[in-house]
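Please summarise this protein chain for a modelling audience.

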Amino acid sequence: MLNQKRRLRLGRLAGLTLMFGVVAGSQFVARAQGDGGRDAQIEADVHKSLDNQRYAKVNVAVHDANVTLSGTVDLYAEKEDADRRVHHVKHVKAVDNELQVGGVAVDDAALREKLAKGLAYDRVGYGTTPFNAITVGVQNGVVTVGGTVYGPADKASAIGFVENTSGVKDVVDNIQVQPLSPMDDQLRLALARAIYGDPQLMKYAYDPNKPIRIVVANGNATLVGVVDNKMDHDIAGLRANTVPGVFKVTNNLQISGPKSGR
């Protein structure tokens, strides 16, 4: 009788063990199917977010809600935009952006010249052009943008121009935004009037490029850009030094090569 009861208990225990295994296995399969279904949905949503001819050559792979982008785009700005679009897709955990920038190949020297010219006239009409001093370097299509600008809008505009230029493969942003300062703002205006109002230097005021750039930080002024001759270089420095409230003037103006002998 005891053996029979023991056999019954063992049988029930085996049945419970088998049932637990079936339930656990079902949950594992359901979870796996759920993860796969979620990845499939994410992939569909990513393709929808990139439903544009610009991303026709972009490949998408999703694993555990992590998205990998591969393939090519024509502009660096499109690579950045694709990254932003995918980051906004629901349930995406992370994005591995392996997109390559294709488009037309451009020689580094030619690309730098194109960028420098475009940036020189960037933000014309907004009143901040004379106070932006941006540098550009290019190596194997990788563009390094540095220098200083008056405000965040000037920085965003400069970076946007570079990113949307054909031939740019990558962008290194080293631009510094000048700190907010009402006192420095007053000095900028006073320096601009003193320099561009001088009869000898007035010719530079007619150029929208404003080739004499004025950088002010904490009362210290730096002049950068290119002038025609040494006289213009010296007069700009002298005029800047006459402005009350300026602690120090650093004259880094360059003299253009063909006219340096005047």
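A contact here means heavy atoms within 4.5 Å. Among contacts in the protein chain between residues at least 6 apart in sequence, 65% join residues at least 24 apart. The model is predicted: local features need pLDDT of at least 70, side-chain atom pairs count only at pLDDT 80 or more, and totals for chains, interfaces and linings use all residues. Numbering runs from 1 along each chain as its sequence is written, and side-chain values use heavy atoms, with hydrogens and water left out.

**Overall make-up**

The protein chain holds 7 helices and 12 strands. Both are DSSP runs numbered from the N terminus: helices are H or I with at least four residues, strands are E with at least two. The chain has 262 residues, and 36% of them count as buried. Buried means under 20% relative accessible area, exposed means over 50%, and partly exposed lies in between (1.4 Å probe, protein chains only). The accessible surface comes to about 15,300 Å². Carbon and sulfur atoms account for 56% of that surface. These areas come from the Shrake-Rupley method with a 1.4 Å probe; for residues, only the protein chains shown count as cover.

**Salt bridges**

Side chains of opposite charge can pair when their charged atoms come close. The rule used here asks for a side-chain nitrogen of Lys or Arg within 4 Å of a carboxyl oxygen of Asp or Glu. By this rule the count is 9 salt bridges.

| Pair | N to O distance |
|---|---|
| Asp-81 and Arg-85 | 2.7 Å |
| Lys-155 and Asp-173 | 3.4 Å |
| Lys-203 and Asp-232 | 3.0 Å |

Take the salt bridge between Lys-155 and Asp-173. This pair links distant parts of the chain: Lys-155 sits in helix α4 (residues 152-163), Asp-173 in strand β7 (residues 170-173), 18 residues apart. Lys-155 is partly exposed at 24% relative accessible area. Asp-173 is also partly exposed, at 36%.

Next comes the salt bridge between Lys-203 and Asp-232. It too links distant parts of the chain, with Lys-203 in helix α6 (residues 202-205) and Asp-232 in helix α7 (residues 230-241), 29 residues apart. Lys-203 is partly exposed at 36% relative accessibility. Asp-232 is buried, with a relative accessible area of 0%. Elsewhere, salt bridges that share partners join Arg-54, Asp-81 and Arg-85 into one network.

Asp-81 is buried at 18% relative accessible area, whereas Arg-85 is partly exposed at 29%.
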